[in-house]
Amino acid sequence: MRFLFSVLRSVCCVLALTVLAGGSRAHALDAVAVEGPGAVTELTDFVDRIPEEGGRIALEKPGGGELVLAKGGETERGTWWFLSLRNRSDAPVTRLLENRQAGLAGSGLIWPETGQERITRVETLEGIDVKLAEAVHAQRVSLTIPPQKTVTLAMRAEEGAALRLYMWHPDAFAAYQARLSLLQGALIGIAGLLFIYLTAIWILSGGTHTALGAGFMAAAVLALLTGFGYTGAMLDAGPAFEARLRFFSLGLLLAAGLAFGVRQLALAHHMPRLAEAVRFIIYGMAGVLLLTLIWPEAGGTVIRLALAVSLAGASVLAFRIADEGARPAQLWLPALFFLDLAALVAALSAMGVFFTGLMTEPAIAGLLVIALALTAFAIAYQVQTLRRRANMDALEVEQRHAFALAGARTSVWDWDILSDELYVSPLLEAELGLDTGTLCGSELGWRERMHGDDRETYRNALNTYIAKGDTHFRIEFRLRDEADEHRWYALQATCMSGEEGYAVRCTGTVEDVTAERLGEERLMRDAVHDALTGLPNRALFLDRLARAVRRTGAFDGPRAALIVLDLDRFRVVNDTLGFGAGDTLLVTLARRLEGMIGPEDTVARMEGDEFAVLLTEGTAREDALERAAAILDVLGQPLELRGQEVYPVASAGLALCEDRHERPEDLLKEAEIALFHAKRSGKAGVELFTHDLREGMREQLPLEQDLRRAVEREEMEAYYQPIMSLADGRVAGFEALLRWHHPERGLLTPDDFIPLAEETGIIIDLGRFVLERAANDLSGWQKLFPLRRPLFVSVNVSSRQLLRHDLIQDIEEILKESQIEPASLKLEVTESLVMENPELAARMLRRIKKKGAGLSLDDFGTGYSSLSYIQRFPFDTLKIDRSFVSESPSKDEAYVIVQAMVMLAKGLGLDVVAEGVETVEQESHMATLGCGFAQGFRYGPAMRANEALKFIARHWQD
């Protein structure tokens, strides 16, 4: 027995290898005893390796003969592994050999092994039949060794294949596999539950932060499934593709972790530049993931190094931000600790330094799952904290508002959006005659109390404000009271946002604005109706005329007929009976016209003593002429004004709307041409527009065409007439006057083309041109000549410009681009212009004033405005008409009027400019009356911009 034991310890087997390339070598292998009770033994160090380099490799059998492994001349490269196993017992022993591939241990941080190289052949010297079986991340060989026998195995592996060989007892291996599968399933199940948990939180409460956390969990579940081999098994992937899946899933986990970490640590708030850099790195991960599918070794290297750097950097940043008191960073520190620990164990295992055992990878997965659980706890805690904070903040706001409104007749409105609970104070319910609590509850019940036309508008507006998050809004709507009558209410509320940025609560007040709303409706009506007669004004009439022109369908005659009426000798009434009598005449005629039209027709006061009638029925030529004549007959009936009988006389121009008409302005122009011919041919007549009438306007058409292209051809130029300070004789500013350098007619003044521009609408482009040019010139003057009171320029504005809403935008853009001093660009409007529609003019002037422009009232005293209206306009300058200036020194009446004007202006805080000063006497007289500024030929005619610059240089110093 002792002899047998000695033999077993010292002699196993002799191998002889013959290599064709040169000579032969003999290698003795130590046999490994297999009959022991151990469950598993690592055999890696007992394996001898012989590279296959194209030579002949053969094994000499103990009983004679050879086992040829390689005949030589093969081009493929590989390695032969040799292992000797000895059964010293008296019974056969079955063992399972497992070579683990694609494992973490010893795979390397740089250029990691992929595990796609495999064992391709297994032979035994003794001729025992063995089978090579494929498994997840491993290859297995099962063999039975006879008693008292030694078996020598030769295994051929592809070049680069990993050698991690273990010998298992079959029963122990089965138990190990069962326990390992149970552990892996538990880890994957826990990670999956965490993913489902965070996804549910995200669905219920929303939030990008929660969504990113759920994405991080999903990436972790995929990494675990792939690392344990389940993904490859489900996809029936080969070793090469399975290796790519492992690195791809690890890269996906890294990208998801970076995205979540940026939000969890609030890098955009604490370190915005670093957050932006990390975002670009995340975008770059898409390329790295693609690289892992093409070149897994390179992709795996980048991902493993990036993972190490990212975890180290995230830990340092988390400690720093947590030290500053950031609660989210503090909550994530425990999870980062376990992530760092898992990464450290994985790195040491990959380098083959420590942790190379069979349970290393499950242990690393366990550390990862612990980190995921701590991360999920941190996210859930933050969501709950934010919800409690939102509720507490809303409660504090509600209490504060309740105290503030206790003594006011204003109702509280409070809506918890998440729970759809609306509270309305009993005061509002009492105003509507409802029982207490009727309006409380669901917001839908509140909406059902609204007017049907307001519900959809209210809902859309409220949804918009909710999406904005923290915002303040005002909505007006009508509520139905118990008597089924509607009153206007205004809701002013503030929204408070939640985690996602959407509003979670709205709190505000509701007040009755019925009186204000009715007042606004009256103002809106006044904006499109004539203040004196109550008829539609020009703007509203043109809108209705446009609708009539665009009408489609089959008509018996023209689509519409337009009658333009103008009173003859109306000025005589004003001059003899006074302006009050003239107003009474206009109102009386307006009522007569209203009685002459049908329900679908329109009568309007266009301006002054001009009216227009739009007929949409009975528009045939004869019918329209008959209607026009009848209107003139009714208007001509006498009436008594201030004890005198007056016979009104009017002329009419008629135009028929035909298919060729596309714009309302064209039809109106034809009617005005007909009116012009009617007044020229005789009073109290009707003229129907025909193309022959246009011949009389032939001379005007070329001028209109030239005028439309004058700005493009740079034929227009701004001239400047100086405005002087009477106190010190220096230049104070200029009035911009437009000149047209006509290529054929020479230099034209505004009187030659402005009426045509007003009529055709070209005045809009001309006005914008003058404003821009004056502002640019003034900007340069102010920079060259700084004064305590900056130089200014006045620009005349027509009625068409003033009543257009885009004038406000033009002024805002011009002031912004020119960078001139506030109120130094003054807009001049005439007294008669603002009195055409004083309410609308006042609103427009106030808006212009707010934009930073100055306002000047031109030709003051020539109209018949009310002083009560004048004080409502935001003028800063009043210009006295030249007719008063020229007569003031010689006529006492003119002197008294000018003196009253100056006193009125000073009382209102306005500057006074005297126009038309031509002599030294007039200048001295204006200065004596207290007038601050003067303009006229006394100081020079209107001049070009370069001449104005020289003028300033001579007169700018104080």
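A contact, as used here, means heavy atoms within 4.5 Å. The structure is a predicted model, in which local features need pLDDT of at least 70 and side-chain atom pairs count only at pLDDT 80 or more, while totals for chains, interfaces and linings use all residues. Residues are numbered from 1 along each chain as its sequence is written, and side-chain values use heavy atoms, with hydrogens and water left out.

**Surroundings of E52**

Leaving aside residues up to four places away in sequence, E52 touches I57, A70, E76, R77, G78, T79, W80 and R156. E52 belongs to strand β5, residues 48-52; strands (E, at least two residues) and helices (H or I, at least four) are DSSP runs, numbered from the N terminus. With a relative accessible area of 6%, E52 is buried. The term buried denotes under 20% relative accessible area, exposed over 50%, and partly exposed the range in between (1.4 Å probe, protein chains only).

**Salt bridges**

A salt bridge requires a side-chain nitrogen of Lys or Arg within 4 Å of a carboxyl oxygen of Asp or Glu. By this rule the structure has 31 salt bridges. The table lists some of them.

| Pair | N to O distance |
|---|---|
| E35 and R88 | 2.4 Å |
| R121 and E123 | 3.1 Å |
| K879 and E915 | 3.5 Å |

The E35 and R88 side chains form a salt bridge that links distant parts of the chain, 53 residues apart: E35 is in the loop between β3 (32-33) and β4 (40-42), and R88 is in the loop between β8 (78-87) and β9 (93-100). E35 is partly exposed at 25% relative accessibility, and R88 is partly exposed at 32%.

For the pair R121 and E123, R121 is partly exposed with a relative accessible area of 27%, and E123 is partly exposed at 26%.

K879 and E915 also meet in a salt bridge. Because K879 lies in strand β33 (residues 877-880) and E915 in the loop between β34 (911-914) and α31 (920-928), the pair ties together parts that are 36 residues apart in sequence. Both K879 and E915 are buried.

**Cysteines**

A disulfide is counted when a pair of cysteine sulfur atoms lies within 2.5 Å. The structure holds zero disulfides. Among its cysteines, C495 is buried at 2% relative accessibility, and C506 is buried at 0%.
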